[in-house]
Amino acid sequence: MRSVLLALALLGFEALAASPPRIVSLAPHLTEIAYAAGAGPALVGTVAYSDYPDAARALPRVGDGWRVDLERVVALRPDVVLAWSSGTPRTTIERLRTLGLRVEEVPTFRLADVPAAVRRVGDIAGTRATAEPVAAGFEADVRRLRERYDAARPLTVFVQIDDEPLFTVNGRHVISEVVELCGGRNVFADLAQIAPQVDVEAVLARDPQVILSTDGTAADPRVQWQRWQQLSAVRHGAIYVLPPDTVARASPRLVAGVRAVCEALDDARRRQAPGPPGP
């Protein structure tokens, strides 16, 4: 009888050990990464704007990307909290650790960080078998696009992520790397802040050949910029509105964002002679 009880106890222990950790995500793109890595069933909470995939909409909210309700996080009893290295406030991360929670900071500055994050979350959740093909597929898609646009004619680009006030990204932001992959040159790559505020005068001074807007809440930027006909992008009609969820979120869907940026720059090359057409 004792041997039977011991066997049952061991089975219960193994089942407990095999159960996925309880995970809270503190950024929408980390939520997407968790689902892509097969860790969706392990998620017990997330933040505002976590709307992909559809299952993410039903998760309890613990705040947004910048303001987190610590009591709500603790109440969810997470084994792991996924934090956004460049977005989650440092004070929030340190406070969660002080409360005894395991916080995993996940960097997503570069394209290569996305598959690395998918694999890492897969390892945390015990779903590496699901995560690996997703990560490898992302890497293969990016490699093909990089090879295709390696010799594309360069164009100067202004990335508009917000219109009031006017915000852009510097060269360390993943959107800037996407622009570079497609043959573009971010006109504000040299600024110190990763998402700096700029003014119209600064944009006029750098005279981009292309304007890419990822601000999904702004008025049509093609209308907004018409008053400044001296801009090259305005004169050639090279102003493009791109879906923010695929271009600005560093998740596996970013491959679709890369394609959208590359297609926009291809169109801009066709509009702006002289020079050979895009690839």
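1. Arginine 97 forms a salt bridge with glutamate 94, their closest N and O atoms lying 3.6 Å apart, where a salt bridge is a side-chain nitrogen of Lys or Arg within 4 Å of a carboxyl oxygen of Asp or Glu. Both arginine 97 and glutamate 94 belong to helix α4 (residues 90-98) and sit three residues apart, about one turn of the helix; helices (H or I, at least four residues) and strands (E, at least two) are DSSP runs, numbered from the N terminus. An α-helix has 3.6 residues a turn, so residues three or four places apart point the same way. Arginine 97 is partly exposed at 32% relative accessibility, and glutamate 94 is partly exposed at 35%, with buried meaning under 20% relative accessible area, exposed over 50%, and partly exposed in between (1.4 Å probe, protein chains only).

2. The model is predicted, so that local features need pLDDT of at least 70 and side-chain atom pairs count only at pLDDT 80 or more, whereas totals for chains, interfaces and linings use all residues. Residues are numbered from 1 along each chain as its sequence is written, and side-chain values use heavy atoms, with hydrogens and water left out.

3. A salt bridge also joins arginine 269 and aspartate 266, with an N to O distance of 3.2 Å. These two residues, arginine 269 and aspartate 266, lie three residues apart in helix α12, about one turn of the helix, and both of them are buried.

4. Aspartate 190 pairs with arginine 206 in a salt bridge whose closest N and O atoms are 2.7 Å apart. Because aspartate 190 lies in the loop between β6 and α8 while arginine 206 is in helix α8, the pair ties together parts that are 16 residues apart in sequence. Aspartate 190 is exposed, with 55% relative accessibility, and arginine 206 is partly exposed, with 34%.

5. How many salt bridges does the distance rule give? The count comes to 26. Glu32, Asp51, Asp245, Arg249 and Arg253 are linked in a network of salt bridges.

6. Seven of its eight residues are buried, so α7 is largely enclosed by the rest of the structure; the buried residues are Val174, Ile175, Ser176, Glu177, Val178, Val179 and Leu181. The elements covering these buried residues of α7 include α6 (128-148), β5, β6 (184-186), β7, α11 (244-247) and α12 (254-271), with contact taken as heavy atoms within 4.5 Å. Just after α7, glycine 183 adopts a positive phi of about 95 degrees.

7. The bond from tyrosine 52 to proline 53 is cis, with omega near -10 degrees, and proline 53 is found in the loop between β2 (43-45) and α3 (70-75). Glutamate 164 and proline 165 are likewise joined by a cis peptide bond, with omega about -5 degrees, and proline 165 is in the loop between β5 (155-160) and α7 (174-181).

8. Aspartate 207 has a positive phi of about 40 degrees, lies in the loop between α8 (200-206) and β7 (210-213), and is partly exposed with a relative accessible area of 28%.
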